[in-house]
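My notes follow in the order in which I went through them.

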Amino acid sequence: QNEIALCKEWNDQSKETLVLELQETNRTLSNEKNKYLTIFESIPTPVILFDSNNRCDNINYAAQQFLTENLYSPGHTYYTAENTHTVEDIIPCFYADYLAFCQEDKNEASIEKDCPSPTQGKKSISIKFHRMLDVSGKFEGTVIIFTDQTKRKQIEEQLRHMSFYDILTNLHNRSFYEQEILRLSNETN
């Protein structure tokens, strides 16, 4: 009954009114798309979107700078139909992890791994895979978010070293010997 009423109302509207309504809707959708694209390209976190066929749907500027050698210009995938780069092309270091995630039933997964970056050398990366679903719950693709953990790990290692070695002499300190006594006093030793 509601559908009939909507169809009747739509049919009763003039052609000019319908065209104006469609133009307004088109402007709104274009503005929303531009907002999304601006935010996506501006965030400093590397993000890649893959479609359901494992082809790159979009890659933000931060991801390009981190992982690739400028496959796309910013916003490229929005303005062209070209979609040829696969997961294996863009993130070969994480391809096996990506395939493992695809075979699971989880909506998201996180891993941490050391990986060479073609533009920045060896990096310690935390990577998060997240399934994208459409409004009906159908699988549309995967979002992959990278976080560079390299500096944090370097600082942790420096702190670990400082906690067991004297700063002036670089010899083992009391904390180191206390840890060793605990380790050696274990029943297996």
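Is Phe-101 buried or exposed? I found Phe-101 at 2% relative accessibility, so it counts as buried, where buried stands for under 20% relative accessible area, exposed for over 50% and partly exposed for what lies in between, with a 1.4 Å probe and protein chains only.

Before going on I noted the ground rules: this is a predicted model, in which local features need pLDDT of at least 70 and side-chain atom pairs count only at pLDDT 80 or more, while totals for chains, interfaces and linings use all residues. Residues are numbered from 1 along each chain as its sequence is written, and side-chain values use heavy atoms, with hydrogens and water left out.

**Entry 1: ring pairs**

I searched the whole structure for aromatic pairs and noted seven; rings of Phe, Tyr and Trp (its six-membered ring) pair if their centres lie within 6.5 Å, and planes under 30 degrees apart count as stacked, over 60 as edge-to-face and the rest as tilted. I looked at Phe-50 and Tyr-98, whose ring centres are 6.0 Å apart with planes at 55 degrees, so this pair is tilted. The pair links distant parts of the chain, since Phe-50 belongs to strand β1 (residues 47–51) and Tyr-98 to helix α6 (residues 95–103), 48 residues apart; helices (H or I, at least four residues) and strands (E, at least two) are DSSP runs, numbered from the N terminus. Phe-50 is buried at a relative accessible area of 0%, and Tyr-98 also counts as buried at 0%.

I then returned to Phe-101, which forms a stacked pair with Phe-129, at 5.4 Å centre to centre and 15 degrees between the planes. Here helix α6, with Phe-101, is linked to strand β4 (residues 121–133), with Phe-129, across 28 residues of sequence. Phe-129 counts as buried at 1% relative accessibility. Ring pairs join Phe-50, Tyr-98, Phe-101 and Phe-129 into a cluster. I also noted Arg-131 over the face of Phe-101, at 4.5 Å from the ring centre; the criterion is NZ of Lys or CZ of Arg within 6 Å of the ring centre and within 35 degrees of the ring normal.

**Entry 2: core and strands**

Which residues have the most contacts inside the largest nonpolar core? I read off Ile-48, Phe-50, Ile-91, Ile-144 and Phe-146, in a core of 20 residues; such a core is a set of buried Ala, Val, Leu, Ile, Met, Phe, Trp, Tyr and Cys residues joined through side-chain atoms within 4.5 Å. Among the elements that give two or more residues to this core are β1, α6, β4 and β5 (139–148). Ile-144 touches residues including Ile-48, Phe-50, Ile-91, Tyr-98 and Phe-129, not counting residues up to four places away in sequence, where contact means heavy atoms within 4.5 Å.

I checked β1 and β2 next, and they pair in the antiparallel sense over three bridges, the rule being that DSSP finds at least two bridges between two strands. Ile-48 stands opposite Ile-59 in β2.

Gly-141 lies in strand β5 and is buried, with a relative accessible area of 0%. The C-alpha atoms of Gly-141 and Phe-50 are separated by 5.3 Å, although the two residues are 91 apart along the chain.

**Entry 3: charged side chains**

I counted 11 salt bridges, each a side-chain nitrogen of Lys or Arg within 4 Å of a carboxyl oxygen of Asp or Glu. Glu-108 forms one with Lys-128, the closest N and O atoms being 3.4 Å apart, and this pair links strand β3 to strand β4 across 20 residues. Glu-108 is partly exposed at 39%, as is Lys-128 at 32%.

Lys-153 and Glu-112 meet in another salt bridge (2.9 Å, N to O); Lys-153 lies in helix α7 (residues 150–164) and Glu-112 in strand β3, so the pair ties together parts 41 residues apart in sequence. Lys-153 is partly exposed at 35%, and Glu-112 is partly exposed at 43%.
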